[in-house]
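Here is a short briefing on one protein model. Please read it alongside the sequence and the coordinates.

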Amino acid sequence: MSKKLAAKAGLIQALNLPPVTAQRAAAEPSQEVARPKTAPGSMLQFMSTQSAAIKEAEDLKERLRAFDGASPVRLLDPQTIRPSKWANRHDASFESADFAELKSEIESAGGNVQPVRVRPLPRVLNGSTTAAEYEIVFGHRRHRACLELGIPVRALVEDASDQELFEAMERENRGRKNLSAWEQGCMYRKALDEGLYPSLRKLAESVKVDVSLVSKSVSLARLPEAVVAAFPSPLDIQFRWAQPLAEALQKDPDGVLQRAKRLKEEGRALTPVQVFERLCKPEEGEVPRDRLEVSSHRLLRQGKLAATVQSDAKGRVTVKLEPSTITPERYQALLSWLDGFVKT
């Protein structure tokens with residue numbers, strides 16, 4: 001038995017030290033490692049060092065498991081990142097006090113503490129290398145702030161389909177700095193127009209938003225440019241104005257567009273509410289189109305044309321008398337009658 005143990009001990013002593021033991025020996029060169037003098041002692045020392053190495057490996061594996069599925073944050077040049085094709089941030093949103101505050105916070109922190117999310121783009125498009133390497137999934141305001149400050153942007157790089165990108169961006173917008181009603185509508189409208197979703201209802205179900213809210217948002221996004229331009233900023237247009245504006249445009253499109261044009265040309269400092277009210281309500285002396293009958297009547301005298309009476313979409317009435325019908329005396333009589341007519 002003792003001969004067998006001695007033979008095993010000889011084999012053990014012939015082995016190189018395990019990595020952990022070697023590292024410790026290198027770290028403490030002044031201390032000589034004590035070697036056991038018996039075969040059982042050598043076996044015990046070998047098993048002890050192996051056990052420590054196995055335990056250390058298991059500890060490392062456990063720590064790595066905590067990072068399973070995690071995406072590392074990278075520092076990217078903001079110029080290599082382009083906005084998402086679904087984004088509809090109006091330029092005015094980057095001129096607000098909120099954006100200035102965000103930009104100041106990022107500058108004082110030396111970068112965006114909360115990373116943006118981007119997806120990689122194909123490096124070659126139509127035979128030429130693309131200028132941008134990444135597309136923003138969410139974090140357009142943080143990216144814009146870093147771009148203007150000229151500093152790298154902290155970003156998570158993850159693949160995403162168009163629908164995944166759209167839905168992640170929509171959730172992020174609602175959870176942070178919401179888009180305005182008009183911007184939200186533009187985002188939904190583009191997704192529908194480009195066939196990302198087959199219907200308004202499917203879009204609402206996918207982003208988990210009430211279908212009526214999506215409908216109002218899209219209605220605002222489809223307002224004529226002249227109506228949107230009448231407001232101080234598109235960001236001022238509110239969800240609750242969607243239905244009244246749509247109804248006004250349906251009843252009197254020409255009137256609404258003409259009022260919008262006049263508001264823009266006047267350049268008066270009106271509040272958004274005042275603009276909304278003037279767009280929806282006819283001005284003094286203006287008759288809504290749905291109450292008008294646009295017509296033209298010819299009046300005859302002895303089979304010949306004597307007068308023409310016409311009304312237009314604005315409610316104006318024009319009377320044209322033929323020269324053979326009017327005389328100076330009858331003209332004065334006509335003025336007298338009209339004076340009484342307009343006062344009644």
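Helix α5 spans residues 140-149, and its buried residues are H140, R141, R142, H143, A145 and C146. The model is predicted.

**Helix α5 and its end**

- C146 has a relative accessibility of 0%. C146 therefore counts as buried, since the cut-off for that class is under 20%.
- The buried set of α5 also includes the histidines H140 and H143 and the arginines R141 and R142.

- β3 and β7 (residues 153-157) run parallel, joined by three bridges.
- Within that pair, V118 stands opposite V157 in β7.
- Strands of a sheet pair through backbone hydrogen bonds, in either the parallel or the antiparallel sense.

- Q114 sits in the loop between α4 (97-109) and β3 (116-120).
- Is Q114 buried, exposed or partly exposed? Its relative accessible area is 41%, so Q114 is partly exposed.
- Q114 and R154 are 40 residues apart along the chain. Their C-alpha atoms are separated by 7.6 Å.

- β8 (residues 295-301) pairs with β9 (residues 304-311) over seven bridges, in the antiparallel sense.
- R301 stands opposite K304 in β9.
- β8 and β9 form a hairpin, with two residues between them. Q302 lies in that turn and has a positive phi of about 55 degrees.
- β9 also pairs with β10 (residues 317-321), in the antiparallel sense and over five bridges.
- S311 stands opposite V317 in β10, and V309 stands opposite V319 in β10.
- In a regular strand, side chains alternate between the two faces of the sheet.

**Loops between helices**

- K208 is found in the loop between α8 (200-207) and α9 (211-221).
- The phi of K208 is near 60 degrees. That is a positive value in a residue other than glycine.
- K208 has a relative accessible area of 71%. The cut-off for exposed is over 50%, so K208 is exposed.
- Where is D252 placed? D252 lies in the loop between α11 (242-251) and α12 (253-266).
- D252 has a relative accessibility of 8%, so D252 counts as buried.
- A polar atom of the D252 side chain lies 3.1 Å from the backbone nitrogen of G255.

**Cysteines**

- How many disulfides does the structure hold? The count is zero.
- C186 is buried, with a relative accessible area of 4%.
- C146, in helix α5, is also buried, at 0% relative accessibility.

**Whole-protein figures**

- The protein has 14 helices and ten strands.
- It contains 344 residues, of which 31% count as buried.
- Its accessible surface comes to about 22,500 Å². Carbon and sulfur atoms hold 53% of that surface.
- Among contacts with a separation of 6 or more, 64% come from residues 24 or more positions apart.

Conventions
Residues are numbered from 1 along each chain as its sequence is written. This is a predicted model: local features need pLDDT of at least 70, side-chain atom pairs count only at pLDDT 80 or more; totals for chains, interfaces and linings use all residues. Side-chain values use heavy atoms; hydrogens and water are left out. Two strands pair if DSSP finds at least two bridges between them. Helices (H or I, at least four residues) and strands (E, at least two) are DSSP runs, numbered from the N terminus. A disulfide is a pair of cysteine sulfur atoms within 2.5 Å. Buried means under 20% relative accessible area, exposed over 50%, partly exposed in between (1.4 Å probe, protein chains only). Contact means heavy atoms within 4.5 Å. Accessible areas come from the Shrake-Rupley method with a 1.4 Å probe; for residues, only the protein chains shown count as cover. A polar contact is a pair of N or O atoms within 3.5 Å; within protein, one must be able to donate a hydrogen and the other to accept it, and residues adjacent in sequence count only if both atoms are side-chain atoms.
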